[in-house]
Amino acid sequence: MIVVAGEALIDLVPQGTGALAALTPALGGGPFNTAVALGRLGSPTAFCSRVSRDAFGEALLERLRETGVDVAPVQRGDEPTTLAVATLGADGSAAYSFYVEGTADRLFGKPEALPAGTRAVSFGTCSLVLEPGASAYEALLREASARGVFTALDPNIRAGLIADADAYRARFRNWLPSVSLLKLSAEDAEWLGGSPREWLAAGPAAVVVTRGGDGLTAYTRDGAEYAVPGERVVVVDTIGAGDTVNAALLHGLSERDALSDEGVAALGAEGWERLLRFAARAAAVTCSRAGAEPPYAHELKAWKTA
């Protein structure tokens, strides 16, 4: 079981240009997208969050159930669902503004225990910024790591939500001793400061940096560096691409029985190349269609066995 901990929200995606373009609601949130992608790839997955009882919340849970994700750990609340208004650039890249005051996911409380059989827990995005839920997720991260559970972190920076950038950067560095796999974009890395080698020295077994169409690079504790190019694709938008990479990395590690620091260290050049190419292909499929629509396992089967 891979548990994804974090927010589920509604993206309002413009259907045209200009400030008054019509907005279409889409199911989203980095952790939510990661859970859906894991479910579609076939990994046993559970979602750990707090979701509104409103119509948006019901739609979010229904999508998770449809993809086989266990929603038993989800807490419920009467507060509204968080909204994220997306703005799409000419290259399909997405920027967001958020409506988060008084929303359900902010009130997440740390569960007494993770689901039975949990092998890994993934964290990231808004849930690690917005209090009081951020502190609850942080406590869950530290507790899981202390118990020997493989932990993944995708900070997925949304700078507009971070009131004190220096305080967040310090908090990020304090998470690293509890993180097994750090995945982040080149833009996130630049905003956070530091380098993969510095972050590795603080705790993670591996750091994976994504560079959009230029591909992915993995850095490991033994000083190795593995890179693959991006997959060529006609980009519709990039919504959910990073979340798909996150899911593909966790799924691939699970298939290789490598959800441990020792397993990551044993991958070697061939293992990392295959894992990174799998993640790049999965992200390319997501970018080829509108919204966060990660691929199903059968869509990647031919590539996986090539």
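Biologist: What makes Val-69 count as buried?
Modeller: Its relative accessibility is 5%. The model is a predicted one, and buried means under 20% relative accessible area, so Val-69 at 5% qualifies.

Biologist: Where does Val-69 lie, and which residues is Val-69 in contact with, leaving aside its neighbours within four places in sequence?
Modeller: Val-69 is in the loop that runs between helix 2 (55-66) and strand 6 (75-77). With those neighbours left aside, Val-69 contacts Ala-35, Gly-39, Thr-45, Ala-46, Phe-47 and Leu-64. As for Arg-40, 29 residues away along the chain, its C-alpha is separated from that of Val-69 by 9.1 Å.

Biologist: Thanks! Now the cysteines: how many disulfides does the structure hold, and how do you know that Cys-48 and Cys-126 are too far for a bond?
Modeller: The count of disulfides is 0. The closest cysteine sulfur to that of Cys-48 belongs to Cys-126, at 16 Å. A disulfide needs the two sulfur atoms within 2.5 Å, so a separation of 16 Å is too far for a bond. Seen from the other end, Cys-126 is in no disulfide either, with the sulfur of Cys-48 as its nearest cysteine sulfur.

Biologist: And are these cysteines buried or exposed?
Modeller: Cys-48 has a relative accessible area of 3%, so Cys-48 is buried. Cys-126, at 4% relative accessibility, counts as buried too.

Biologist: On to the rings. Why is the pair of Phe-108 and Tyr-137 called stacked?
Modeller: The structure holds 6 aromatic pairs. For the rings of Phe-108 and Tyr-137, the centres are 3.9 Å apart and the planes are at 5°. Pairing asks for centres within 6.5 Å, and stacking for planes under 30 degrees apart; both hold, so the pair is stacked.

Biologist: What makes you say that this pair ties together parts of the chain?
Modeller: Phe-108 belongs to the loop between strand 8 (94-99) and strand 9 (120-124), while Tyr-137 is in helix 3 (residues 133-146), so the pair links parts that are 29 residues apart in sequence. Both Phe-108 and Tyr-137 are buried.

Biologist: Which kind of pair do Tyr-168 and Trp-175 form, and how do you know?
Modeller: Their ring centres are 5.6 Å apart, with 85° between the planes. Planes over 60 degrees apart count as edge-to-face, so that is the name for this pair. Tyr-168 is buried at 5% relative accessibility, and Trp-175 is buried with a relative accessible area of 0%. Together with Trp-191, Tyr-168 and Trp-175 form one aromatic cluster. The ring of Trp-191 also has the charged end of Arg-169 sitting over it, 4.2 Å from the ring centre.

Biologist: Back to helix 3. How do you know that its reach is close to what is expected?
Modeller: Helix 3 has 14 residues, and from its first C-alpha to its last it reaches 20 Å. The expected span is also 20 Å, at 1.5 Å a residue. Just after helix 3, Gly-148 takes a positive phi of about 85°.

Biologist: Which elements do the buried residues of helix 3 pack against?
Modeller: They pack against strand 1 (2-5), strand 4 (45-48), strand 5 (50-52), strand 9, strand 10 (150-154) and helix 4 (165-175). Among the buried residues of helix 3 are Gly-133, Ala-136, Leu-140 and Ala-144.

Biologist: What makes Ala-134 count as buried?
Modeller: Ala-134, which lies in helix 3, has a relative accessible area of 0%. Leaving aside neighbours within four places in sequence, Ala-134 is in contact with Ser-127, Leu-128, Val-129 and Arg-171.

Biologist: Then there is Ser-180. Why is Ser-180 called buried?
Modeller: Ser-180 sits in the loop between helix 4 and strand 11 (181-185). Its relative accessibility is 9%, under the 20% limit, so Ser-180 counts as buried. Residues up to four places away in sequence aside, Ser-180 touches residues including Phe-150, Pro-204 and Asp-261.

Biologist: Last one: how do you know that the whole protein is as compact as a globular protein of its length?
Modeller: The protein has 10 helices and 14 strands. Its radius of gyration is 18 Å, close to the 19 Å that the globule rule gives for 306 residues, so the description holds. Buried residues make up 55% of the 306.

Key: Residues are numbered from 1 along each chain as its sequence is written. This is a predicted model: local features need pLDDT of at least 70, side-chain atom pairs count only at pLDDT 80 or more; totals for chains, interfaces and linings use all residues. Side-chain values use heavy atoms; hydrogens and water are left out. Buried means under 20% relative accessible area, exposed over 50%, partly exposed in between (1.4 Å probe, protein chains only). Helices (H or I, at least four residues) and strands (E, at least two) are DSSP runs, numbered from the N terminus. A charge sits over a ring if NZ of Lys or CZ of Arg is within 6 Å of the ring centre and within 35 degrees of the ring normal. The expected span of a helix is 1.5 Å times one less than its number of residues. Contact means heavy atoms within 4.5 Å. The radius of gyration is taken over C-alpha atoms; the globule rule is 2.2 Å times the number of residues to the power 0.38.
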